Amino acid sequence: MAETLAPLLRRQPPEAPALLAPERTPLSHGALAELCARVEQTLRRAGLGRGNRLAMVLPNGPDMAAAFVAVANAVTAAPLNPAYTEDEFRFYMADARADALLTDAAPSPARQAAAALGLPVITLTPRDGAGDFDLTVDQPIARRHDEPGPALVMHTSGTTARPKLVLLTAANLLASADNIRRSLRLAPEDRGLTIMPLFHIHGLMAGVLAPLAAGGSIFCTPGFNALKFFAWLAESGANWYTAVPTMHQAILARAGRNPDVIAAHPLRFIRSSSAALPAPVFAALEQTFACPVIEAYAMTENAHQMTSNQLPPGSRKPGSVGCAAGPEVAVMAEDGRLLPPGELGEVVTRGANVTPGYENNPAANAAAFAHGWFHTGDQGVMDEEGFLCLTGRLKELINRGGEKISPLEVDAVLLSHPAVGQALTFAMPHASLGEEVAAAIVLREGQTVSEGALQEFARARLSAFKVPRRVVIVDDIPKGPTGKLQRIGLAQKLGLA
């Protein structure tokens, strides 16, 4: 079993470009491998062994991308969202059992949290090359752990309870990178436009490791910005990108002003993951960019990808997250029986990319790994061809007096209304039924429609009990730090609780 990412670093021709970025000179695969060796030496001299954990708080861009590869190859990487408060940093650093902090030179809440916890700080100073940097250690690390540990530790989103800490080995990461590489047929001539946050498994695996594992290159932006996307596309020479649906929608909103860029810089494909891609967005992306849109299904515990739709001449089915693309994927009944095509149950996986478990959480591990499979918490159904359709998170299904409603089904109907740009269906409390259906709507630019008109539209297409009793029209739907729309807690945020 791989204990480092060295197999990935040995695959590429050394002179080929690996990392590019605005206003930085390109970094080759050979230079990236040399950087990884230099970082490992620095960390060892600082007292960090293979099993020590290094919290990483860096802005999006080539330095974070390269640092992730180098750190995960040498020790255990624990990337954190730079937008956290000092209290949040203190919690996440302590919970991840970080031995030190890697960050840039700027004063920050992360540095304050490290000082409060007594953690040494390693400062990253960029060089000219995209992703090339020097490290300065402020004090030696007191406790060295040479026993190999995981390559990456990440917290789950923790929307309803204390977040769980997911352990991912180097073997998990290499398997997942290879799964994504094969699904997208990534090759050395491919270049990805990296716009996903790099403290998130989607950005780290699909945005960084998979294209590098293919010997290709990535153009690292400082983070998603719809206003700059088309300028970056023109500058980068990228022929694909991966993003979450809300990012695709923001890109589409600007696409009409950038037809020349789209025509001059054709994409081989567009990838979407981390949340359900509405069918109208799928169709609009394919029409606008004249390339296939490949929707994939992924989560942290699987080191990202589980299923994927296929590039032509394979099949891609709007509304489906594709077929197994790496691990084994099945649909399971509550009693552990694997269900045949057409039957609804919980999606389960097993394979080389699946986490060995959550840290110090035997109850969660017992539930998550029951019956010899990892339980995703998602409900779905598989068709005769092995394509999976998700009906929602089990914990997000709306229980209206015993009637179970999939928010995704209601989303799809509302999104088919010509005035609706975004729709998110969620549960709101009800005195007698327990839960009732509600929806938040963002209208398309220049469109108007009333709550009653949307309810009538839904009533003509849904069973009466699935029609939202409240439709709230908002300027923006609250999102999580990675751009995901969040159903849980939305009733409270919108004053419907």
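Two strands pair here if DSSP finds at least two bridges between them. The strands themselves, like the helices, are DSSP runs numbered from the N terminus (E, at least two residues, for a strand; H or I, at least four, for a helix). Before we use that, a word on the model: it is predicted, so local features need pLDDT of at least 70 and side-chain atom pairs count only at pLDDT 80 or more, while totals for chains, interfaces and linings use all residues. Residues are numbered from 1 along each chain as its sequence is written, and side-chain values use heavy atoms, with hydrogens and water left out.

Let's start with β1, residues 17-21. In β11 (residues 217-220), I218 is the bridge partner of L19. The two strands pair in the parallel sense, over two bridges. β1 also has an antiparallel partner, β2 (residues 24-28), joined to it by three bridges. The hairpin they make has two residues between the strands, and E23 takes a positive phi near 60°. β1 is mostly covered, too: four of its five residues are buried (under 20% relative accessible area; exposed is over 50% and partly exposed is in between, with a 1.4 Å probe and protein chains only).

On a 1 Å grid over the protein atoms alone, a cavity is a set of points where a 1.4 Å probe fits but cannot get out, whereas a pocket is an open set with protein on both sides within 12 Å along at least five of seven lines; lining residues have an atom within 4 Å of a point. Points are joined across faces, edges and corners, and a volume is the space filled by probe spheres set on them.

The second largest pocket comes to about 670 Å³. It has 22 lining residues, and Q249, A250, A253, G421 and Q422 are the closest to its centre. Helix α9 (245-255) is one of the elements that supply at least two lining residues, along with α11 (279-289), β24 (420-430) and β25 (434-443). The largest share, six residues, comes from α9. By class, this lining splits into twelve nonpolar, five polar and five charged residues (Ala, Val, Leu, Ile, Met, Phe, Trp, Tyr, Cys and Pro count as nonpolar, Asp, Glu, Lys and Arg as charged, and the others, Gly among them, as polar).

As for cavities, the structure holds one of 30 Å³ or more. The largest cavity has about 40 Å³ of space. Its lining includes W240, Y241 and T242, and β10 (191-194), α7 (201-213) and β12 (240-243) each supply at least two of the lining residues. Six of those residues are nonpolar and four polar, with no charged ones.

Now for the rings. Eight aromatic pairs turn up (Phe, Tyr or Trp rings, taking the six-membered ring of Trp, with centres within 6.5 Å; planes under 30 degrees apart are stacked, over 60 edge-to-face, the rest tilted). Y84 and Y92 are stacked because their centres are 4.7 Å apart and their planes at 10°. Y92 counts as buried because its relative accessibility is 13%, while F91, at 28%, counts as partly exposed. Y84, F89, F91 and Y92 form one aromatic cluster.

Finally, look for charges over rings (NZ of Lys or CZ of Arg within 6 Å of the ring centre and within 35 degrees of the ring normal). K164 has its charged end over the ring of Y358, 5.3 Å from the centre, and K317 lies over the face of F387, at 4.5 Å from the ring centre.
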